[in-house]
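Please open the model in a viewer and keep the selection tool at hand.

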Amino acid sequence: MEYKQSMNLVSPSGYAMPFELSETTPLEITLGYGKQTHPVTGKEFFHHGVDFKVYPHTWLKALATGVVSGIASDREKGFNITVNYRNYAAGSSAVYDVVYSHIKESICNFGKSVNAGDNIAVCDDTLHIEVRFNGDEIDPIEFLTMVRDNLIVYEQKTIQGNNPEIATLDFKVETPYDSQQPEIDQMYQRFFGKYMIDLLTSRYKVPNGTEQVLRDVLAEGANSGAYYEHTPSMLNPLGLGERSLGIIGRIQTILTHDFLNYLALMHGVFLSTMTEYEKKKLLTTP
């Protein structure tokens with residue numbers, strides 16, 4: 001399905017992963033989502049969820065604020081429990097239904113309200129998870145990645161208040177400034193606070209040309225389908241992925257150029273590698 005901003009789950013109680021692993025235990029996916037080869041018969045089939053290897057008696061935890069909306073048992077999925085996670089964003093009617101199968105025992109009754117991290121069941125040696133968004137099936141890994149990203153941001157806010165450190169995505173983005181990045185990072189540490197204050201107070205104004213180029217690149221990204229490659233989250237609100245790397249690189253180049261332009265205009269500071277010609281060009285080129 002096509003991802004969109006409304007898919008980011010907002011949960012009043014925060015977020016949690018479905019089960020905990022020790023620091024030395026790797027996460028093991030025994031069967032992924034989509035077309036798979038059956039481990040016993042060798043035949044191809046479509047797998048509607050994701051299977052995780054877990055230790056027997058591992059606690060299954062609620063991922064967010066939700067309600068237990070189903071408890072059942074059948075030959076294919078074994079004992080299973082469904083939790084309805086409603087999106088609490090203002091004006092949203094979006095709902096995630098998550099089905100946990102092959103569990104050993106439920107400790108929640110039908111209709112029970114749960115919060116992130118609550119124990120809801122006991123796992124056997126395999127945990128099968130399926131996810132539907134407003135009734136449409138999606139890849140559970142996309143959903144769990146969104147929950148994990150939201151958990152990272154939520155924990156930062158809890159520890160540090162409303163001004164957490166900026167969490168960054170691990171993208172390999174190339175710009176013309178890569179070789180000078182260590183020096184630029186030092187400049188950011190020294191001047192970035194002043195840069196933001198001067199922007200907010202209009203003491204420094206971004207050149208019109210720079211503003212227009214940035215708008216054009218953002219519009220190009222939207223028109224080319226560079227956004228919402230993945231389920232959006234608080235850490236990645238545009239659902240950015242590999243197909244947006246070129247756009248990210250160009251935006252990063254524009255923003256770095258503007259920061260260097262600010263340093264030149266307001267503080268007379270330049271990169272040590274700049275020639276006199278480059279310094280003059282920096283002050284005159286958007």
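Select Thr-82 and show its surroundings: apart from neighbours within four places in sequence, Thr-82 is in contact (heavy atoms within 4.5 Å) with Val-67, Val-68, Ser-69, Gly-70, Asp-97, Val-98 and Val-99. Thr-82 belongs to strand E7, residues 78–86; helices (H or I, at least four residues) and strands (E, at least two) are DSSP runs, numbered from the N terminus. The relative accessible area of Thr-82 is 14%, so Thr-82 is buried. Here buried means under 20% relative accessible area, exposed over 50%, and partly exposed in between, with a 1.4 Å probe and protein chains only.

This is a predicted model, in which local features need pLDDT of at least 70 and side-chain atom pairs count only at pLDDT 80 or more, while totals for chains, interfaces and linings use all residues. Residues are numbered from 1 along each chain as its sequence is written, and side-chain values use heavy atoms, with hydrogens and water left out.

Asn-134 is partly exposed, at 45% relative accessible area.

Now select helix H4, residues 245–267. Its 23 residues reach 32 Å from the first C-alpha to the last, close to the 33 Å expected at 1.5 Å a residue; the expected span is 1.5 Å times one less than the number of residues. Just after H4, Gly-268 takes a positive phi of about 60°.

Axes are lines fitted to C-alpha atoms, for helices over the stretch in contact, and angles run from 0 to 180 degrees between N-to-C directions.

Finally, show helix H3 (208–223) and the loop between H3 and H4, where Tyr-228 lies. Tyr-228 has a positive phi near 60° and is partly exposed at 23% relative accessibility. H3 and H4 pack at about 170°, with axes 10 Å apart, which makes H3 roughly antiparallel to H4. Their contact includes Val-213 and Leu-214 of H3 and Ile-251 and Leu-255 of H4.

How values were computed
Parallel < 35°, antiparallel > 145°, perpendicular 65-115°, else oblique.
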